Amino acid sequence: MSTHFDIDLVSDTSTKPSHEMLAAMCCAPVGDEQRGEDPTVLALNERVAELLGQEEALFLPSGTMCNQIAFLVHCRPGDEIIVAANAHVFGSEGAGASALAGAQFRPIATADGLFTGADAAAAIRAPRNRSPRSRVISVEQTANRGGGSVWPAAQLAEVAEVARAHGLAAHMDGARLPNAAVASGTSMADHARHYDSAWIDLSKGLGCPVGGVLAGSKAFIEEAWYWKHRLGGAMRQAGFLAAAGLYALDHNYERLAEDHDNARLFARLVVGAGGVGIFPAEVSTNILFLDLTNCVLDANAVAARLREHGIRLGVESPTRMRVVTHLDASAAQIETAARQLVRILEHP
């Protein structure tokens, strides 16, 4: 079965490096990253630490590794992580926190992936020798399963303050933090500086082939290095990969606004067609969900019909599909995909 799609909206991880990004990668000065001798990795780490308002940063192979290393640093076996019930770390990382750190999750029910400081405070357990120990409050910016919803910076600061007041660590899964910052017209530091650990993904909207950068205090990053080695993450001449991140921050950051516009365009074109609903009703960033509950065809049938036209959307359940816009999908392609979806839904 072919894996090529002319219009691939299954995820912003579908992006491919541009020719210009590849050229920057090929020309990057490199050294032994493990020994701290790769100048391009060092430059990327310094850049991201500054952008996130943190002291230091660490280049890692993936965003999931950023989350898992943060939990390994913050937690001990038997600890508990407070998180939105639909958070990526809870449902889409192979129970890594449980398997690796020995920590469990205490989920907060929320449709949009956001919760308040009061919600977080209510989830913190009173100390008891037979109860899990509340150790971390984790937020996801943007909230993927919440339809790319954006945490307001003030709300993030409120949650972090609750964590500090109760002696807990505050962690930010910043997989799409760049999208949130661009959408809200604020800096990434405005969102992340109150957190003990935070990171950004390079391989989503920024268009890099691989990598994430985890940031925090000097002491946090020193401990994170131990876990990076234990998990097999030393990458030697990793500057070839880090160069993609530097290029992306220079050239692909501000243009994230185009992806948000394209997601809103898709929503406007398809809403109501054949009974389809849109979540969220007001699209904030580059993610939206299609509710096919009132449609004749289910999600798998719609996806199969779209594949016949070289278009791929994500299937979440028989009645739910996900659409994610990105730099490799132009406004014209978004319109083509949306109009093809409308034809399928209105003429099943």
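Me: How many disulfides does a search of the whole structure find?
Reply: This is a predicted model, where local features need pLDDT of at least 70, side-chain atom pairs count only at pLDDT 80 or more, and totals for chains, interfaces and linings use all residues. Residues are numbered from 1 along each chain as its sequence is written, and side-chain values use heavy atoms, with hydrogens and water left out. A disulfide is a pair of cysteine sulfur atoms within 2.5 Å. For C208, the nearest cysteine sulfur is that of C66, 13 Å away. The search of the whole structure gives 0 disulfides.

Me: Is C208 buried or exposed?
Reply: Buried means under 20% relative accessible area, exposed over 50%, partly exposed in between (1.4 Å probe, protein chains only). The relative accessibility of C208 is 2%, so C208 is buried.

Me: What is the orientation of α3 to α10?
Reply: Helices (H or I, at least four residues) and strands (E, at least two) are DSSP runs, numbered from the N terminus. Axes are lines fitted to C-alpha atoms, for helices over the stretch in contact, and angles run from 0 to 180 degrees between N-to-C directions. Helix α3 (residues 63-74) packs on helix α10 (residues 218-230) at about 115°, with the axes 9 Å apart. Angles under 35 degrees count as roughly parallel, over 145 as roughly antiparallel, 65 to 115 as roughly perpendicular and the rest as oblique, so α3 is to α10 roughly perpendicular.

Me: Which residues of α10 make the contact with α3?
Reply: Contact means heavy atoms within 4.5 Å. The α3 side supplies I69, A70, L72, V73 and H74. The α10 side supplies F220, E223, A224, W227 and K228.

Me: What is the orientation of α1 to α11?
Reply: Helix α1 (residues 19-26) and helix α11 (residues 239-251) pack with their axes 8 Å apart. Their angle is about 135°. That makes α1, relative to α11, oblique.

Me: Which residues of α11 meet α1?
Reply: From α1 come E20, M21, A24, M25 and C26. Their partners in α11 are F240, L241, A243, A244, Y247 and A248.

Me: Is R236 buried or partly exposed?
Reply: R236 is in the loop between α10 and α11. Its phi is near 55°, a positive value in a residue other than glycine. With a relative accessible area of 37%, R236 is partly exposed.
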